[in-house]
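This briefing reviews a single protein chain, topic by topic. Please consult the sequence and the model shown below alongside the text.

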Amino acid sequence: MPTPTRRSPHDSAGTGAATPPSDAAPASDGPAPSPGKGSIAGVYLVAGLVMGGVWAWNQGSPLWEHAVKLLVLMFVAAPLLRRVRSRRAARRPARRLQLSFVRLATAKVALVALAIGASWLLEDSMRHPDLAVAAGLTTVITVLGPLLHRYLLVRSPDAVR
């Protein structure tokens with residue numbers, strides 16, 4: 001048996017009144033969705049997969065080589081991508097908050113140090129410690145990144161107050 005649908009109290013169906021055409025979407029009574037949360041989680045998922053993939057791809061390399069490759073990826077590729085995104089978004093109004101370079105760099109260096117430490121500790125106890133560290137990197141970035149993202153933000157000097 002089909003479930004009956006409820007009509008909105010603002011619905012003109014059955015009253016004979018004409019509904020004016022509207023280009024705007026109908027307003028909902030619920031809270032507006034937060035546009036940034038899903039995209040931030042997606043960015044951290046991609047970043048986690050890339051970082052974990054780079055660590056796993058270089059399995060068996062010396063730890064210093066892992067660190068150099070990951071730091072180059074973090075400090076060269078990420079700013080280049082950010083520059084591309086900022087050029088695309090130049091037509092939008094200034095944001096109130098932006099990523100702090102110092103906080104982000106500190107977090108990146110701490111993450112690389114954590115990965116090197118974990119790899120060094122697991123070296124003698126596992127057959128493929130780099131794969132475990134790659135999975136750990138992916139998990140830490142994907143799960144903790146969106147949770148800690150707000151602590152990486154500072155007030156933008158360009159934002160209109």
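**Salt bridge and overview**

Across the whole structure, the search finds one salt bridge, defined as a side-chain nitrogen of Lys or Arg within 4 Å of a carboxyl oxygen of Asp or Glu. The model is predicted, so local features need pLDDT of at least 70 and side-chain atom pairs count only at pLDDT 80 or more, while totals for chains, interfaces and linings use all residues. Residues are numbered from 1 along each chain as its sequence is written, and side-chain values use heavy atoms, with hydrogens and water left out.

**The Lys69–Glu65 pair**

- Side chains of opposite charge can pair when their charged atoms come close.
- The salt bridge joins the side chains of Lys69 and Glu65, at 3.1 Å from N to O.
- Lys69 and Glu65 are four residues apart in helix α2, and therefore about one helical turn separates them.
- Lys69 is partly exposed because its relative accessibility is 33%, and Glu65 is likewise partly exposed at 23%; buried means under 20% relative accessible area, exposed over 50%, and partly exposed in between, with a 1.4 Å probe and protein chains only.

**Overall architecture**

- The chain contains four helices and two strands, taken as DSSP runs (helices H or I, at least four residues; strands E, at least two) and numbered from the N terminus.
- The order of elements from the N terminus is α-α-β-α-α-β.
- Of the 161 residues in the chain, 20% count as buried.
- Among contacts (heavy atoms within 4.5 Å) with a separation of 6 or more, 75% involve residues 24 or more positions apart.
- The chain has an accessible surface of about 12600 Å², 64% of it belonging to carbon and sulfur atoms; accessible areas come from the Shrake-Rupley method with a 1.4 Å probe, and for residues only the protein chains shown count as cover.

**Nonpolar core**

- The largest nonpolar core has 14 residues, and those with the most contacts inside it are Trp55, Leu70, Met74, Leu137 and Ile141; such a core is a set of buried Ala, Val, Leu, Ile, Met, Phe, Trp, Tyr and Cys residues joined through side-chain atoms within 4.5 Å.
- Helices α1, α2, α3 (101–122) and α4 each supply at least two residues of this core, with the largest share, four residues, coming from α4.
- Not counting residues up to four places away in sequence, Met74 touches Met51, Pro79, Lys108, Leu111 and Val112.

**Helix α4**

- Helix α4 covers residues 129–148, and its 20 residues should span 28 Å at 1.5 Å a residue; the end C-alpha atoms are 26 Å apart, which agrees. The expected span is 1.5 Å times one less than the number of residues.
- Buried residues of α4 include Val133, Leu137, Ile141 and Gly145.
- Leu147, also found in α4, counts as exposed because its relative accessibility is 53%.
- The C-alpha atoms of Leu147 and Ala41 are separated by 9.0 Å, although these residues lie 106 residues apart along the chain.

**Loop residue Asn58**

- Asn58 lies in the loop between α1 (35–57) and α2 (63–88).
- Asn58 is buried because its relative accessible area is 11%.
- Leaving aside neighbours within four places in sequence, Asn58 is in contact with His66, Lys69 and Asp130.

**Surface patch**

- Trp64, Val68, Val72, Val76 and Leu80 form a nonpolar surface patch with about 510 Å² of accessible area together.
- Val72, found in helix α2, is partly exposed because its relative accessibility is 45%.
- Patches are made of residues with over 30% relative accessible area and no salt bridge, with like charges joined within 9 Å and nonpolar side chains (Val, Leu, Ile, Met, Phe, Trp, Tyr) within 5 Å.
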